[in-house]
Amino acid sequence: MTDLRTSPVNGGDLFSERARQYALEKPLQRIHVLEAGCGWGTGLDLGDRERDVTGVDLESPELRAYTCERPDLDAWYLGDLRTVPLPPRAFDIVHASYLIERVPHAELVLDRFVAALKPGGMLLVHLRDRDTAFGFLDRTLPRWLRSSGRRRLRPGRAPAADRPRRARGAHARVPYPAGEGGAAAALAGQAPAGEAARAASRPVPVVRTSPPPAIYDRVASRSGLRWYCVMRGLVVAEEYTSRQAIEALGAGTGLADLLCRLVSAVTRGRLTADHSEVTFVIRKPENRFARVI
């Protein structure tokens, strides 16, 4: 198990890099990705590899509106993550960023994700650690005091030519805004494959919105997720910590860091101020009888 403070991918996306490496191991296969938490953040960049992306998330007006704007999803479902349709052993990669800490019954939800992974598949998890000073402040401070910190990138509405396809989930029957439906549909149906691929790879404009609130079940922590992997026979291939949330909440003032260190001192280090988030790259063994030793 790797135990480093920072990700080895500087200036890039660790999860996308690991997903591309995984895709290289399957040169003749279409990669099936489960975007767990599709109402938040952005998806994986697999380059020119053929992929099929399914999104799942909780049901809320904001998450639904964001999901409807994502051009990278082939299907999506919003609702109770314990019951949304997830066929067993169907996905090569499950990508869950900022999801585990904000869902109830997180352990049961993780069980469903693991069951949906193919043997040898990869679970990519990024979460805010509840067992930190930041996690304590995030649970106790009024929301208006912390809403100016963590932000997510939300795709804005790109020109019609840059939207070659729309989400095709069970809840994706959303009308186009007036004046856009016909042109967008025509372009989606008539654009050559090469142009559609180039359009899909273009950067999408973003706007910033507040993140969903966190619930912080017991498994939503560094130690909790380690324990979960041991109990489920999963292999933690990589593990990193970061202070992104602390730095974003402080907005350059250092106030968030000061508060976190104060909480850490009061709790005699039980709630650490050294990090706020953890990143895990987890592999599901090819042999279902394999266990972590």
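1. A word on terms before anything else: helices (H or I, at least four residues) and strands (E, at least two) are DSSP runs, numbered from the N terminus. With that in hand, His105 sits in the loop between E4 and H3. The model is predicted, so to speak of local features pLDDT of at least 70 is needed and side-chain atom pairs count only at pLDDT 80 or more, while totals for chains, interfaces and linings use all residues. Residues are numbered from 1 along each chain as its sequence is written, and side-chain values use heavy atoms, with hydrogens and water left out.

2. Here is the overall picture. The chain holds 10 helices and nine strands. Of its 293 residues, 46% count as buried, where buried means under 20% relative accessible area, exposed means over 50%, and partly exposed lies in between (1.4 Å probe, protein chains only). The accessible surface of the chain is about 14,400 Å², and 57% of that belongs to carbon and sulfur atoms; such areas come from the Shrake-Rupley method with a 1.4 Å probe, and for residues only the protein chains shown count as cover. Among contacts (heavy atoms within 4.5 Å) between residues at least 6 apart in sequence, 78% join residues at least 24 apart.

3. Next, the sheet. Seven strands form an open sheet in the order E3-E2-E1-E4-E5-E9-E8, with mixed pairing; two strands pair if DSSP finds at least two bridges between them. Strand E3 (75-78) and strand E8 (235-242) stand at the edges with a single partner strand each, so one side of each has no neighbour in the sheet. From one strand to the next, the twist averages 15°.

4. Strand E9 (residues 277-283) deserves a look of its own. E8 and E9 run antiparallel and are joined by seven bridges, and Glu239 has Phe280 as its bridge partner in E9. Seven bridges also join E5 to E9, again antiparallel; here the bridge partner of Leu127 in E9 is Val278. E9 is mostly covered, with six of its seven residues buried. Helix H8 (residues 222-232) lies across strand E5 (117-128), E8 and E9, and runs at about 10° to E9. For that angle, axes are lines fitted to C-alpha atoms, for helices over the stretch in contact, and angles run from 0 to 180 degrees between N-to-C directions.

5. Which residues touch the most other members of the largest nonpolar core? Of its 32 residues, they are Ile100, Phe113 and Leu225. A nonpolar core here is a set of buried Ala, Val, Leu, Ile, Met, Phe, Trp, Tyr and Cys residues joined through side-chain atoms within 4.5 Å. Two or more residues each come from strand E1 (31-36), E4, H3, E5, H8 and E9, and H3 gives the most, with six residues. Leaving aside residues up to four places away in sequence, Ile100 touches Ala106, Leu110, Phe113, Val125, Leu127, Val219 and Ala220. Apart from this core lies another, of 20 residues, among them Tyr22, Val33, Leu44 and Leu46.

6. Most residues other than glycine have a negative phi. Tyr98, although not a glycine, has a positive phi of about 55°, and Tyr98 is found in the loop between strand E4 (91-97) and helix H3 (106-116). At 16% relative accessibility, Tyr98 counts as buried. His105 also has a positive phi, near 55°, and is a residue other than glycine. At 39% relative accessibility, His105 counts as partly exposed.

7. Is Gly39 buried or exposed? With 0% relative accessibility, Gly39 counts as buried. Gly39 is found in the loop between E1 and E2. Gly39 and Leu58 are 19 residues apart in sequence and 8.0 Å apart in space, C-alpha to C-alpha.
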